[in-house]
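Please open the structure in the viewer and keep the selection tool at hand.

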Amino acid sequence: MAELVRVLILGGTSEAVALARRLASEPRLAVTTSLAGRTLAPTAPPGAVRRGGFGGAAGLAKYLYARRIDAVVDATHPYAARMSANAAAACGDAGVARLMLHRPPWPRRPEDRWIEVADGTAAATALPAHGRRVFLAIGRDGLAPFAARADTWFLARLIDPPTAPLPLARCEVIRGRGPFAVEDELALMRAHRIDVVVSKNSGGTATFAKIEAARTLGLPVVMIARPPPTPGESVATVDAAVAWVRNLIASCDA
Ligand code: NAP
């Protein structure tokens, strides 16, 4: 009987869940999805799931070896740069095939009022020129640079309730998990008299509504740039990742 092909999906995105669903019906595959364990109730992918960090690149390399993993699909969020770098190093050390599945960024339209900045610190510095009532839609991590903006009121949207006070002098926390609808984002921004949005360029559809709402309202968006891409083979769609895994199975048979 042909050997099982073991694939580890590094998750934390809707694409990772979609990929696990697509691969669940492949008879030759044993798929495990790895989650960082940051959200309380993540969408559960089919197949085996593990949670929590590996202990850096060395820990991941050990895991790959111990579990006899044949391939890693890094389907982490485009801003999860440390995990992607660790995956590159660990797969290199362990001689394991690796593919990145990263959705493309949202393209900027001529009517968009984006202020593109390198990181959260640059975003916090840029804010006063654009407004004092800010929709901060970047998740739970990366809020620290905005602590310096005591002159600014923030509407911070998080998936889970915060376990400690946020490092923001003046803020209101709301909870929400995508996908979001444009009408709801418009209503939210109007109700809170938002005058500027801070966002990452995450790409995909689930969180795009805030960008479309800002466009409709003519609001500026301080857009935090993506980290530099991790070297290696990369695809932008779940279909392409499925094709890559199927090729891998075929090459294991050859
Ligand atoms: P990160 O800074 O790149 O990674 C920090 C550490 O978290 C990694 O070194 C690793 O710990 C652990 N980790 C991250 N992803 C993991 C995974 N899929 N499985 C096991 N351990 C993982 O990552 P992050 O930006 O904090 O993101 C954490 C998770 O949230 C990722 O899975 C990502 O896909 C998801 N996410 C991130 C964002 C974002 O804006 N950054 C948005 C939505 C979802 P060890 O070194 O101990 O292995």
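The stops below give a selection and then describe what is found there.

This is a predicted model, in which local features need pLDDT of at least 70 and side-chain atom pairs count only at pLDDT 80 or more, while totals for chains, interfaces and linings use all residues. Residues are numbered from 1 along each chain as its sequence is written, and side-chain values use heavy atoms, with hydrogens and water left out.

**The ligand and its shell**

Next, select Gly11, Gly55 and Gly56 with their backbone atoms shown. A polar backbone atom of Gly11 is 2.9 Å from an oxygen atom of the ligand. For Gly55, the distance from a polar backbone atom to a ligand oxygen is 2.9 Å. At Gly56, a backbone N or O atom lies 3.0 Å from an oxygen atom of the ligand. Taken alone, the ligand exposes 810 Å², of which the protein buries 80%; these areas come from the Shrake-Rupley method with a 1.4 Å probe.

**Helix pairs**

Select α2 (residues 56–66) together with α3: the two pack at an angle of about 50 degrees, with their axes 8 Å apart. Therefore α2 is oblique to α3, a term for angles that are not under 35 degrees (roughly parallel), over 145 (roughly antiparallel) or 65 to 115 (roughly perpendicular). Axes are lines fitted to C-alpha atoms, for helices over the stretch in contact, and angles run from 0 to 180 degrees between N-to-C directions.

Move to α1 (residues 14–23) and α7 (residues 238–253), which pack at about 45 degrees with axes 10 Å apart. This pair is therefore oblique as well.

Then select α5 and α6 (residues 209–217), whose axes come within 8 Å and cross at roughly 60 degrees. α5 and α6 are likewise oblique to each other.

**Two backbone features**

Most residues other than glycine have a negative phi, and most peptide bonds are trans. Select Arg68, in the loop between α2 and β4 (71–74); its phi is near 50 degrees, a positive value in a residue other than glycine.

Finally, select Gly178 and Pro179, which are joined by a cis peptide bond with omega near 5 degrees. Pro179 is placed in the loop between β9 (171–175) and α5 (182–191).

Definitions and conventions: Polar contact = N/O pair within 3.5 Å; in protein donor to acceptor, adjacent residues only side chain to side chain. Helix = DSSP H or I, 4+ residues; strand = E, 2+ residues; numbered from the N terminus.
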